[in-house]
Amino acid sequence: MNRTVLDLWVGVFVAVGVAAVLFLALKVGNLASANIGETYRLQANFDNIGGLKPRAPVKSSGVVVGRVTEITFDPNLYVAVVKMDVDKRYSFPRDTFATILTSGLLGEQYIGFEVGGDAEMLQAGATITKTQSAVVLEKLISQFMFNKAAESPTAPEQ
């Protein structure tokens, strides 16, 4: 095989490899999926957001319906304020419950919407009032350990 043809094939192979690595990096970083269509802004207040990050998905029934856009701290209420952009194709009742969930045992965190039964829908800029904070694994383990330590050993029967 000619040297220039061999160099050309090596160059094509390297370019494809770099493109594949770039694609995987964007996919892992949640940057590959752009918001398609128009969105409206909702917000929710949480006592503890755990490891929730901007660009985290907002899901309802396992389907991605939006993305977290901004996380701030309210110094007056001492809560985390999470702002989300939700696709306009989806509207949710006013009594929708927002929960911070985790994909798998140690996976990424996301916001899950549990739909209520109210006839009135959330409008753009509305605040979801029914929320449940993230479950922090370290807190659960420490509670379990302290409960076990607090149990008194049983005396052997004689």
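**A mixed sheet and its aromatic pairs**

Strand 5 (residues 97–102) and strand 6 (residues 109–114) run antiparallel and are joined by six bridges, where strands are DSSP runs of E with at least two residues, numbered from the N terminus, and two strands pair if DSSP finds at least two bridges between them. Within this pairing, Phe-97 stands opposite Glu-114 of strand 6. The structure is a predicted model, in which local features need pLDDT of at least 70 and side-chain atom pairs count only at pLDDT 80 or more, while totals for chains, interfaces and linings use all residues. Residues are numbered from 1 along each chain as its sequence is written, and side-chain values use heavy atoms, with hydrogens and water left out.

The two strands belong to an open sheet of eight strands with mixed pairing, in the order 7-1-4-3-2-6-5-8. Strand 7 (127–128) and strand 8 (130–132) stand at the edges with a single partner strand each, so one side of each has no neighbour in the sheet.

A search of the whole structure finds two aromatic pairs, a pair being rings of Phe, Tyr or Trp (its six-membered ring) with centres within 6.5 Å, called stacked if the planes are under 30 degrees apart, edge-to-face if over 60 and tilted otherwise. Phe-73 and Tyr-78 form a tilted pair, because their ring centres are 6.4 Å apart and their planes stand at 55°. Phe-73 is exposed, with a relative accessible area of 53%, and Tyr-78 is likewise exposed at 60%; here buried means under 20% relative accessible area, exposed over 50% and partly exposed in between, with a 1.4 Å probe and protein chains only.

The pair of Phe-92 and Phe-113 is edge-to-face, with 5.0 Å from centre to centre and 80° between the planes. Since Phe-92 lies in the loop between strand 4 (79–87) and strand 5, and Phe-113 in strand 6, this pair ties together parts that are 21 residues apart in sequence. Phe-92 is buried, with a relative accessible area of 5%, and Phe-113 is buried at 4%.

The loop between strand 4 and strand 5 also holds Thr-96, which is buried, with a relative accessible area of 1%. Leaving aside residues up to four places away in sequence, Thr-96 touches Phe-113, Glu-114, Val-115, Gly-116, Leu-122, Ile-128 and Lys-130, contact meaning heavy atoms within 4.5 Å.

Methods. Helix = DSSP H or I, 4+ residues; strand = E, 2+ residues; numbered from the N terminus.
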